[in-house]
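Dear colleague,

Please find below the structure I am handing over to you. My notes on it follow.

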Amino acid sequence: MAARQTETPPNERNRSGQMARVEAVRIASECGIADMAPFLRATDPDVLQALLANPHFGEREALLLLNRRDLPSSVIQELAGQRTAVSNYAVKLALTKHPVTPLRTALEQLKFLYLFDLVSVCLQTGVRAEVKRASEELILAQVPKLAIGQRITVAKRGSARLAASLLKGKNSQIIQAVLDNPYLTEAVLLPVLNRPDCTPKIVELIAAHPKWGLRYDIRLALLRHSSLPVARALAILPELKPQDAQAMSQDPAVIPQVRNYLSNLLKGSKPKI
């Protein structure tokens, strides 16, 4: 009969594991850059803290760590306190975008970021709502000073709130860029049609847009806008539900010509404009 293999007692296994952990902490705190790779992938917070204390730990290593989404918040907080590493712009940006960066730390980095990096923060998955909101506020404060090209880029790539804020005036390029923004939603666009500063150019381009000009609720809002050309209104009327046609025929916000047209249509009379 084969001899039974002797098992290591639990106490010895624990002691061995503890010694290995202590050794890993020691090496992480002292090793050169070439030997850091295994420790950059470590999950033990003590090992990671030791790595941060390593005098050779720098910007490159900070960025590699911040590429991980499983970092403990305590490690990120420690990293944020390292002036040498955090003086690097890319590290500031990575800290801001990391999902477990403490709120105060993330907010502190925003004032250092360039315009279009702030835009990217607004759209980054996992970034706290408070950080996104603060990023938007910083961008909105810069908008009056931006060149037309920069406004068009923000209108095209920014969050829905940023895009809607640029839906003003008569510049067709900016308005078109906003309407083509992939993050724009009907819920954000509808209130624009009720704003006092909603210009005829905005109404015209929304009505002509291949996406928004076909949305039923957008069409209803367009009909209530005094700047909607009569020809555009007539193109919308055949698509109205009976109850909406009835309501529009009595809505004072709808221009008289369209109201009269609908009234005659509902009475069975020949519509006149």
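In which helix is the place of S249? This model is predicted, and in it S249 belongs to helix α18, which covers residues 242-249. S249 counts as buried because its relative accessibility is 9%, under the 20% cut-off. Its side chain comes to 2.6 Å from the backbone oxygen of Q246. Apart from neighbours within four places in sequence, the contacts of S249 are R259, L262, S263 and L266.

Helix α16 (residues 216-223) is mostly covered, with six of its eight residues buried: I218, R219, L220, A221, L222 and L223. These buried residues pack against α18 as well as α14 (186-192), α15 (200-208) and α17 (230-236).

The structure contains one aromatic pair. Y89 and Y114 make up this pair, which is stacked, at 4.6 Å centre to centre and with 25° between the planes. Since Y89 is in helix α7 (residues 89-97) and Y114 is in the loop between α8 (103-110) and α9 (115-123), the pair ties together parts that are 25 residues apart in sequence. Y89 is partly exposed, at 24% relative accessibility, whereas Y114 is exposed, with a relative accessible area of 56%.

Two lysines are also placed over rings. K92 lies over the face of F112, 3.9 Å from the ring centre. The charged end of K241 sits over the ring of Y216, at 5.0 Å from its centre.

With kind regards

Note on methods
Residues numbered from 1 in each chain as written. Predicted model: local features only at pLDDT ≥ 70, side-chain atom pairs only at ≥ 80, totals over all residues. Heavy atoms only, no water. Helix = DSSP H or I, 4+ residues; strand = E, 2+ residues; numbered from the N terminus. Buried < 20%, exposed > 50% of the residue type's maximum accessible area, 1.4 Å probe, protein only. Polar contact = N/O pair within 3.5 Å; in protein donor to acceptor, adjacent residues only side chain to side chain. Contact = heavy atoms within 4.5 Å. Phe/Tyr/Trp six-rings, centres within 6.5 Å; stacked < 30°, edge-to-face > 60°. Lys NZ or Arg CZ within 6 Å of the ring centre and 35° of its normal.
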